[in-house]
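Have the viewer at hand as you read.

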Amino acid sequence: MAASLAKATVLARGKDEVYVAATPLRATKGPAQLLMSTTYSLNLWDLQHFVVIIKPNLPVPPQNSQVIVFDFQPKDPENIYTALAVLSGRAVPGVVLVRKLSKLPRRKCWFVGSSKLDAVDVATKFNSDWRTDLRVGHHDCRDYTNGLVELLIGEKQVLERLRKDRGDQG
């Protein structure tokens, strides 16, 4: 898979910037959602959701400059049965999401490098080959983030580097 994706055309317009961001895990409304928001606020690394953000280097940026978020998460993250399956270590249906933001997040967002390839094209091809069965700790947002970043900039295990850079052990 990586070899075919790496043959994407080289950018003629410059280098796209690649970022990794941490976001709160989504959960059912009520106590579970409050718990996830609290763990995010407390900076508990293992209880955060990670996404890849690409800032395309366009020759003439649009009026409302946008970044593109690439994300892998449970198909129905707010369903109590999904939460129970995830907690018990079972696989659940996942989904790869792509969306636009008007700007980069202000917090918990790290520049990890620049892509020599058309990063959006590479990420789109990566998504089409990504298995969507999600199992926390075995095939989840961390694996997705590490895999996509490796393909885009060549760095392996970017989340481990970011964790060490923060001095976080847990």
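What follows is a report on this predicted model.

## Ground rules

The model is predicted, so local features need pLDDT of at least 70 and side-chain atom pairs count only at pLDDT 80 or more, while totals for chains, interfaces and linings use all residues. Residues are numbered from 1 along each chain as its sequence is written, and side-chain values use heavy atoms, leaving out hydrogens and water.

## Aromatic pairs

Searching the whole structure gives 6 aromatic pairs (Phe, Tyr or Trp rings, the six-membered one for Trp, with centres within 6.5 Å; planes under 30 degrees apart are stacked, over 60 edge-to-face, the rest tilted). F72 and W130 make an edge-to-face pair, at 5.5 Å centre to centre and 75 degrees between the planes. F72 sits in strand β3 (residues 67–74) and W130 in the loop between α4 (119–129) and β6 (133–134), so their pair ties together parts 58 residues apart in sequence. Helices here are DSSP runs of H or I with at least four residues, and strands are runs of E with at least two.

F72 is buried at 0% relative accessible area, and W130 is buried too, at 14% (buried is under 20%, exposed over 50%, partly exposed in between, with a 1.4 Å probe and protein chains only). One aromatic cluster is formed by F72, F126, W130 and Y144.

## One side of α4
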